[in-house]
Every structure is written in structure tokens, then in C-alpha cells.
Amino acid sequence: HLDPPRLRLPGSLIAGPDDETAADTMEEIDTDLQRDILANLPPERAATILQEMEPDEIADLLARMPEERSQELLRLINPEESEDVQELLEYEADTAGGLMTTAYVILNQTHTAVEALEIVRHNILENDIRLPYVYCVVDETQDEAQVLGSVSLWEMLVATPAQTLQDLMETDILSVTPDTDAHDVAEKMAKYNLLAIPVVNTEGILEGVVTVDDALDVLLPPERRRRPSRMY
């Protein structure tokens, strides 16, 4: 009996393509292999690939790398992204804070459906943010904002163009805190059939969002886990 050969990715497959293609490739392979590849790439190349990935994906990878290499790559990532990643690294991996992403869309509740869809379209094309909900706040320019409600993309698509998010939003939304156990997050999302759930602190300030792919991933045995970059 022969064991099947282990998949090996030549470094040139990651080193050669453009940054976005390399990042997409990285997000579809085994985490241990991701770590090995990044450990052997030149630091500048590794950092540019990481910058094309979601903050939670970056944090998950860096947490598995030696501290010295992790800090080296963090210094090379652009400051805004690095700050988000460093915040995520502060949370335990088996909590909502360890699962959440900081890449989400918040909008003033006064936006119309057509305005909101245009903003969502921009965020998909420019920032690759592909969440199924937008979160409504009083002032979208504030770094710390309380969630007033959420609106799904489907609700915006069927709304009349002039309808405001205030008219469309669901105000009785479920949320979790950053220290909520990861299994509790997954079970809550499965019970209520949620595609994403906001993570808020004790003051109700939005800290991040856990998506269904990352939440359900914790219910799988380790050998079957993987972290795809998109839910759809």
C-alpha cells in the first residue's frame, strides 16, 4: 500500500503571478503549505501577497509563523492593513474575535437603496469586500459606530431605488462579543441561518464580522478545514 503523494506547490507558482492571483492561490491551499511558502519567499514579495488577502486570513497565517518572521511581514504591510491585523492577532483563535474580519461595509441609514448598491459594488471591485449584509449606523465616517440594523443585498436589490436603508433595515439583529466561544458563534449562526454575524463590544460598538464559512469551519475536524476567500 502506497500513501498518495503530498501536494507540493513550486515556489515559482506563487512567486511568478501577479499579486492578486498569487493571493487567490494561497487562499485555496492547505494552511501549513501557505505558511511554508511565505516563510521561504523574499519578505517584500510575501508582504505584497498578504496585502491582497483579507485581514482575518492574514492574521490566521501570521499566528502560525515564528514571531520574528510574523513581525517582519507586519512591518512591510501597509500601515492601515497592519493595524487591522495586529488587532485581530490580540484575540484568541477560538473566539469570535479570532474568527472575525474587519472588512465590512457600514452605511448611514439615510442612504437610499440605489446609493447603497453602488457603494457595495465599489467595495467589491476596489476592496474585494463581499459580505451579504451592510450594517447601518448614524455616522459612517466614525471609526467607532454602534450598529442600528442590517440590510441584506437581496433586500436592496428588490427595494425601490428611493427607499432608504432605515426603511429596509432589520433592527432586531443578533450579535456576539469578541470573547464569545467560536463553537457558540457557529451554533448560533447555524440555528438562525445567518450568513454573517456582527461582533460588538460591551458598548455596542462594531468590532468586526464573522462570516458563515469561517464560523462553520470550526465545526469541522482539523484535517478537513480550509478557509476559502469568498462565500459566493
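The stops below begin with the whole chain and then turn to single elements and residues.

**Before starting**

This is a predicted model, in which local features need pLDDT of at least 70 and side-chain atom pairs count only at pLDDT 80 or more, while totals for chains, interfaces and linings use all residues. Residues are numbered from 1 along each chain as its sequence is written, and side-chain values use heavy atoms, with hydrogens and water left out.

**The whole chain**

Of the 232 residues in the chain, 46% are buried. Buried means under 20% relative accessible area, exposed over 50%, and partly exposed in between (1.4 Å probe, protein chains only). Contact means heavy atoms within 4.5 Å. Among contacts with a separation of 6 or more, 60% are between residues 24 or more positions apart.

Select residues 55-62, which form helix 5. Eight of the eight residues are buried, so helix 5 is largely enclosed by the rest of the structure. Among these buried residues are Pro55, Asp56 and Glu57.

Next, select Leu38, Leu50, Leu62, Met189 and Val210, the residues with the most contacts inside the largest nonpolar core, which has 38 residues. A nonpolar core is a set of buried Ala, Val, Leu, Ile, Met, Phe, Trp, Tyr and Cys residues joined through side-chain atoms within 4.5 Å.

Which residues does Leu50 touch, not counting residues up to four places away in sequence? They are Leu38, Ile58, Leu61, Leu62, Leu73 and Ile77.

Two strands pair if DSSP finds at least two bridges between them. Strand 2 (residues 133-137) pairs with strand 3 in the antiparallel sense over four bridges. Display Tyr133 to find Ser152 of strand 3 opposite.

Select Asn123, which is found in helix 9 (residues 113-127). Is Asn123 buried or exposed? Asn123 counts as buried because its relative accessibility is 12%. Leaving aside neighbours within four places in sequence, Asn123 is in contact with Val105, Asp128 and Ile129.

Move to Asp128, in the loop between helix 9 and strand 2. Asp128 has a positive phi of about 55 degrees although it is not a glycine. At 22% relative accessibility, Asp128 counts as partly exposed.

Select Asn193, in the loop between helix 12 (182-191) and strand 4 (196-200). Asn193 is not a glycine, yet has a positive phi of about 55 degrees. At 67% relative accessibility, Asn193 counts as exposed.

Finally, select strand 4 and strand 5, which form a hairpin with five residues between them. Gly204 in the turn has a positive phi of about 80 degrees. The two strands pair in the antiparallel sense over five bridges, and Val200 stands opposite Leu206 in strand 5. Five of the six residues of strand 5 (residues 206-211) are buried, so strand 5 is largely enclosed by the rest of the structure.
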